[in-house]
Amino acid sequence: MNTGHPATSWYAQTATPFPTLPALSDHTRADVCIVGAGYTGLGAALELARRGVRVVVLEAAQVGSGGSGRNGGQVHVGQRNDQAWLEKAVGRDDALRLWTMSQDARAHLLGLIAQHQIACDFRPGMIHARHRKGGEAQDAAHVDFMQSRYGYDQLALVGEAELADELGTDVYHGGLVDRGGGHLHPLNLALGMARAAMAAGAMIFEHSRATAWRRDGGSIVVDTGEGRVTCDQLILTGDGYLDELVGGTARARVMPINNFILATEPLGTRADSIIRSGAAVADSRFVINYFRKSPDGRLIFGGGENYRPGFPPDLKAFVRRHMLKVYPDLAGVEVTHAWGGTLGITVHRAPFVRELAPGVRIAAGYSGQGVVLAPWFGKLLADAALGDRQGLDLLARLPVPPFPGGRLLRWPLTVVGLSWYALRDRL
């Protein structure tokens, strides 16, 4: 029994034991084939299997080994874009539907955890901290907007002094507390979802990278290195890890970037003065710093990203620099783990959920909001496979334009743009 995940990840080291699953080595038949055993793929597999559909999941590495098992574990409320942006982008009625969808997604996540007894250490509370002075009026207007227009009463303002006492650092200038948010152990969530999907009848194959798919009469054939799946419908998940399999339409709209996290040694009594409430924290930088405490009193801190293949050679030092700008008093604390992961972003940070071809659907580009949304979007993809397209059609109305520059220039142009915004964080 082992997780098969990199030893540098604190999540992998503390994950609930999970069996190594076989690779696909021959030809099999399924009603639906799913590529990717992260939150979206597992959410779809669980929903389909419990409804009696024969479903096969192909995972290139191990269950949860991509972004689903390496992220910050933060449970955000709402879509990736706020409701004011959504009203301008898709109109009031669809914005309200998208808000309702996000609330359904949160309830679905908590329901999965409770129903399947997934031990993923969920803890409520999310703090949004401002890294620049000013902004109090905008925060107050947002609280009022969400209360009066959407009936959401879980937001509260927090002042600079109060926030400094709560976080144990004086680098922020007030912000918001969202009692509806929270945090959890992301890899244990993925592994728990996989157990539930397999118990319902889904077949999951690890180390079975899907290399291509093609039409064969009325069926779809998905090839791997050693086997193939013939199916009626195909669901493509994997977010930032998707590649040539998804075609040019998706690749033009979803850009992979890398983000990095560390875990300190247990802080002992010092942990009592850091995030006193035990909430998760995300700040207002373009390249967000996000952090929380683990159940054993470590600080888990995410900060920094890059926009090219490969990770920095010294991840501990890379992320430590960001941590020390927030918590300089932790300079002498040992960093015991550091790891990275890849996520997909879009131009407007709206998720890319579409039918790419008849019977072939994709969800990607969560832009850091996948913990809550991805399991639910998996369910919506399952619904669409069974004929209910309402959720898919709503998400398809979100504007997700291609990155500028075309096939050759989109990467360097995007890197220049992202680097500029990252530079503004430091000014």
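**Exercise 1. Find which residues are linked with Glu47 in a network of salt bridges.**

Solution. Glu47, Arg50, Arg51, Lys379 and Asp383 are linked in a network of salt bridges. A salt bridge here is a side-chain nitrogen of Lys or Arg within 4 Å of a carboxyl oxygen of Asp or Glu. By this rule the model has 18 salt bridges. The model is predicted: local features need pLDDT of at least 70, side-chain atom pairs count only at pLDDT 80 or more, and totals for chains, interfaces and linings use all residues. Residues are numbered from 1 along each chain as its sequence is written, and side-chain values use heavy atoms, with hydrogens and water left out.

**Exercise 2. Describe the ring pair of Phe145 and Tyr150, then look for what surrounds Tyr150.**

Solution. Rings of Phe, Tyr and Trp (its six-membered ring) pair if their centres lie within 6.5 Å; planes under 30 degrees apart count as stacked, over 60 as edge-to-face and the rest as tilted. The count is ten aromatic pairs. Phe145 and Tyr150 lie 5.8 Å centre to centre, with 55 degrees between the planes, and are tilted. Phe145 is partly exposed at 22%; Tyr150 is buried at 10%. Ring pairs also link Trp99, Phe145, Tyr150 and Tyr152 into a cluster. Finally, the charged end of Arg92 sits over the ring of Tyr150, 4.9 Å from its centre. The rule asks for NZ of Lys or CZ of Arg within 6 Å of the ring centre and within 35 degrees of the ring normal.

**Exercise 3. State the span of helix α4 and list its buried residues.**

Solution. Helices (H or I, at least four residues) are DSSP runs, numbered from the N terminus. Helix α4 covers residues 92-115, 24 residues in all. From first C-alpha to last it reaches 34 Å, close to the 34 Å expected at 1.5 Å a residue. The expected span is 1.5 Å times one less than the number of residues. The buried residues of α4 are Asp94, Ala95, Leu98, Trp99, Met101, Ser102, Ala105, His108, Leu109, Leu112 and Ile113. Just after α4, Gln117 takes a positive phi of about 50 degrees.

Conventions: Helix = DSSP H or I, 4+ residues; strand = E, 2+ residues; numbered from the N terminus. Buried < 20%, exposed > 50% of the residue type's maximum accessible area, 1.4 Å probe, protein only.
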